[in-house]
Amino acid sequence: MTNLTPTGFLSIGNASLEYKWLAPLNPDAPTIVMLHEGLGSVGQWGDFPEKLREATGAGIFVYSRAGYGQSSRVTLPRPLDYMQREALDVLPSLLDAIGFKRGLLLGHSDGASIATIYAGAHQDYRLSGLVLIAPHFIVEDVSVQSIAAIKTAFETTDLKAKLARWHQDVDNAFYGWNGAWLDPKFRDWDISESLAYIRVPILVVQGEDDQYGTLRQVEIAQEECYCPVDFKVISGAGHSPHREAPGATLDAIEQFARAALRDDQGLQGRAA
């Protein structure tokens with residue numbers, strides 16, 4: 001990896017992106033790059049990146065996409081293919097900028113969709129696997145209903161104030177995501193074709209009570225992929241199992257990471 005400071009900003013295109021870097025104890029260890037959800041940021045992962053490093057021994061790179069956290073604002077409305085643009089235009093430059101050599105992409109919700117698009121479009125020899133937490137491959141009715149409900153909550157409750165803790169421009173973050181998903185034309189958004197081109201193993205982690213998606217997303221991955229697909233349904237968890245059931249989620253990711261990276265001598269951690 002490039003000599004990264006523990007926190008800082010990267011200039012990618014016209015954007016300044018905040019990041020956090022948790023270096024591995026073994027400098028030869030692989031890296032897990034974490035891609036946040038549609039309302040997420042570096043800070044909103046909480047201590048999960050630290051727990052992930054402890055469990056796997058991998059270096060952990062976390063960043064806020066443009067429009068989120070302390071990163072640059074974006075122009076609204078976002079284009080409806082904003083996740084494709086992130087995966088095809090931004091993420092390749094970011095991985096090169098940080099000196100990514102080998103490891104995993106771990107994405108949550110929108111971040112999982114972005115990881116899917118990237119892996120389907122790039123036969124990246126550096127990539128050993130994908131961890132997809134609550135991914136979206138198609139738009140489901142439950143997704144739109146929940147996203148409409150959270151718009152009401154944002155405008156009528158203290159949700160806006162809570163999110164403002166994490167985003168320098170909370171309206172930019174919220175409406176950039178919410179506006180795209182609630183656009184009637186977004187109902188046709190479908191990235192399932194990307195799954196057929198992925199050539200690395202995948203772990204799908206889905207909360208049993210996910211209010212933004214159903215097990216249909218897992219079924220699509222199993223139907224479309226030619227690569228190995230493992231899945232873990234987390235009981236007692238909704239859309240964010242890494243927050244709602246961190247122990248079970250971390251165990252599933254650790255087991256997958258060790259299998260996907262089993263030939264990597266730099267991988268250490270609590271099971272080493």
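**Charged side chains in a predicted model**

Modeller: In this predicted model, arginine 258 and glutamate 254 join their side chains in a salt bridge, at 3.5 Å from N to O.

Colleague: What makes the contact between arginine 258 and glutamate 254 a salt bridge?

Modeller: A side-chain nitrogen of Arg must lie within 4 Å of a carboxyl oxygen of Glu. The N to O value here is 3.5 Å, so the pair qualifies.

Colleague: Why are arginine 258 and glutamate 254 separated by about one helical turn?

Modeller: Because the two are four residues apart in helix 10, which covers residues 246-260.

Colleague: Why is glutamate 254 called buried, and why is arginine 258 called partly exposed?

Modeller: Buried means under 20% relative accessible area, and partly exposed lies between that and 50%. Glutamate 254 has 8% and therefore counts as buried, whereas arginine 258 has 21% and is therefore partly exposed.

Colleague: What links arginine 243 with glutamate 37?

Modeller: A salt bridge does, its closest N and O atoms being 3.0 Å apart.

Colleague: Is glutamate 37 buried or exposed?

Modeller: Glutamate 37 counts as buried, because its relative accessibility is 13% and the limit is under 20%.

Colleague: Why is glutamate 193 called exposed?

Modeller: Its relative accessible area is 56%, and exposed means over 50%; the term therefore applies to glutamate 193. Glu193 also belongs to a surface patch of negative charge, together with Asp188, Asp190 and Glu224.

Note on methods:
Residues numbered from 1 in each chain as written. Predicted model: local features only at pLDDT ≥ 70, side-chain atom pairs only at ≥ 80, totals over all residues. Heavy atoms only, no water. Patch = residues over 30% accessible without salt bridge, like charges linked within 9 Å, V, L, I, M, F, W, Y side chains within 5 Å. Areas by Shrake-Rupley, 256 points an atom, 1.4 Å probe, with all protein chains shown as cover. Lys, Arg positive; Asp, Glu negative; His and termini not counted. Charge placed at Lys NZ, Arg CZ, Asp CG, Glu CD. Buried < 20%, exposed > 50% of the residue type's maximum accessible area, 1.4 Å probe, protein only.
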